[in-house]
Amino acid sequence: MKIQRALSIAGSAARGGAGIQADLKTFQELDVYGLSAVTAIVARNPQTNQGIFPHSLEAIEAQVHTALEDIGADAIKTGMLFTEEIITHVSQWVQASGVPNIVVDPVMIEKMGSALLKDNAVEAMKTKLLPLATIITPNMPEAAALLGIDALTTVADLKKAAQALHLLGPQYVLVKGGRLEGPAVDVLFDGKQFYLLEAPRFETIHTNGAGCTYSAAITAELAKGKSVPEAVEKAKAFITAAIRHSFGFKKGVGPTYHAAYRKYGETGCIVTIECGELLHS
Ligand code: PXL
């Protein structure tokens with residue numbers, strides 16, 4: 001039997017809906033063998049606002065090397081990397097690995113407000129990791145923070161941001177429009193063309209880990225040999241189903257439902273392709 005493999009280098013989210021946990025659940029749903037290297041443990045206590053426990057560089061390196069040397073990977077995804085030092089080393093390991101599909105989710109702040117990336121690490125993310133990426137998947141606040149610009153509010157803003165981020169070196173940029181008014185439109189840019197992916201917006205607060213799940217689904221599809229636009233289209237359907245069927249547990253923002261695409265199927269996403277004429281601000 002041959003099964004494709006995907007390695008997630010990310011934080012452990014004790015609540016189960018985001019981070020490494022979301023990635024492994026998503027890989028499994030899409031029939032890809034999941035591997036993990038945990039960078040930090042997130043177990044945030046809302047009363048104390050404490051609960052991020054970074055791992056040592058040595059522990060992270062040991063996991064990455066064990067995963068790549070003993071099992072190997074068809075795709076690597078990075079999520080929460082937390083510090084400049086971790087970003088610098090992960091960039092070196094990713095580059096040395098020769099793995100063909102690299103998905104960088106530039107995780108910065110989680111929905112309840114904890115910083116998952118230190119402010120002084122943004123520059124390393126831009127200069128060391130983003131240029132290695134097959135695709136980067138910022139949400140609207142992350143795109144604005146990476147570019148040092150004001151908040152994005154429209155699809156036109158997403159397109160301009162995608163173009164500007166493409167200049168940092170990734171092959172594809174996906175700016176996710178989860179915070180737009182109206183339908184959930186994401187903009188994929190390859191340096192020439194824009195692909196607009198539109199899905200209905202489902203009103204729910206339970207979207208913890210939506211970004212992790214979406215980029216993990218892209219990673220799984222790339223590991224299976226899909227092209228980037230095909231992988232993003234399938235992942236958009238996957239995350240739309242997961243958000244549509246999301247749910248809450250006892251407290252706080254609940255998770256998306258990772259099994260929803262398998263159980264309930266397609267969700268009416270529309271993809272349009274536009275010529276990428278340059279947009280100047
Ligand atoms: O959703 C962003 C995210 C990423 N990584 C970890 C997280 C979260 C949000 O909860 O906990 C580890």
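Trainee: Starting with Tyr257, how exposed is it?
Mentor: Tyr257 is partly exposed, at 22% relative accessibility. Bear in mind that this is a predicted model.

Trainee: Why partly exposed and not buried?
Mentor: Buried requires under 20% and exposed over 50%, so Tyr257 at 22% falls in between.

Trainee: How many aromatic pairs are there in the whole structure?
Mentor: The search finds 4. One of them is Phe247 with Phe249, edge-to-face, with 5.1 Å between the centres and 85 degrees between the planes.

Trainee: And how accessible are those two, starting with Phe247?
Mentor: Phe247 is partly exposed with 27% relative accessible area, while Phe249 is exposed at 64%.

Trainee: What does Tyr257 pair with?
Mentor: Tyr257 pairs with Phe247, also edge-to-face, at 5.6 Å centre to centre and 75 degrees between the planes. Both residues are in the loop between H8 and helix H9 (260-264), 10 residues apart. Through ring pairs, Phe247, Phe249 and Tyr257 form a cluster.

Trainee: Switching to salt bridges, how many does the structure hold?
Mentor: There are 8. One of them joins Arg5 to Asp74, with the closest N and O atoms 3.1 Å apart. Arg5 is in strand S1 (residues 5-13), and Asp74 is in the loop between helix H2 (57-71) and strand S4 (75-78), so that pair links distant parts of the chain, 69 residues apart.

Trainee: Where does Asp74 stand, buried or exposed?
Mentor: Asp74 counts as buried at 15% relative accessibility.

Trainee: What does Lys236 bridge to?
Mentor: Lys236 meets Asp186 at 2.8 Å, N to O. That pair also links distant parts of the chain, with Lys236 in helix H8 (residues 228-244) and Asp186 in strand S8 (residues 184-189), 50 residues apart. Lys236 and Asp186 are both buried.

Trainee: And Lys234, what does it bridge to?
Mentor: Lys234 forms a salt bridge with Glu221, the closest N and O atoms being 3.9 Å apart. Glu221 is in helix H7 (residues 210-223) and Lys234 in helix H8, so the bridge ties together parts 13 residues apart in sequence. Glu221 is buried at 1% relative accessible area, whereas Lys234 is partly exposed at 23%. A network of salt bridges links Glu221, Lys224, Lys226 and Lys234.

Trainee: On to the nonpolar side. How many residues are in the largest nonpolar core?
Mentor: The largest nonpolar core has 45 residues, and those with the most contacts inside it include Leu7, Ile9, Ile87 and Val175. H3 contributes the largest share of this core, 5 residues. Apart from that core lies another of 31 residues, including Tyr195, Leu197, Ala220 and Ile239.

Trainee: What does Leu7 touch, apart from its sequence neighbours?
Mentor: Beyond four places in sequence, the contacts of Leu7 include Leu35, Ala67, Leu68, Ala75 and Ile76.

Trainee: Last one, Ser91. Which helix is it in?
Mentor: Ser91 is in helix H3 (residues 84-97). Ser91 is buried, with 5% relative accessible area.

Trainee: What is its side chain's polar atom 2.7 Å from?
Mentor: A polar side-chain atom of Ser91 lies 2.7 Å from the backbone oxygen of Ile87. Leaving aside neighbours within four places in sequence, Ser91 is in contact with Lys128, Leu129 and Leu132.

Technical notes
Residues numbered from 1 in each chain as written. Predicted model: local features only at pLDDT ≥ 70, side-chain atom pairs only at ≥ 80, totals over all residues. Heavy atoms only, no water. Helix = DSSP H or I, 4+ residues; strand = E, 2+ residues; numbered from the N terminus. Buried < 20%, exposed > 50% of the residue type's maximum accessible area, 1.4 Å probe, protein only. Polar contact = N/O pair within 3.5 Å; in protein donor to acceptor, adjacent residues only side chain to side chain. Contact = heavy atoms within 4.5 Å. Salt bridge = Lys/Arg side-chain N within 4 Å of Asp/Glu carboxyl O. Core = buried A, V, L, I, M, F, W, Y, C linked by side-chain atoms within 4.5 Å. Phe/Tyr/Trp six-rings, centres within 6.5 Å; stacked < 30°, edge-to-face > 60°.
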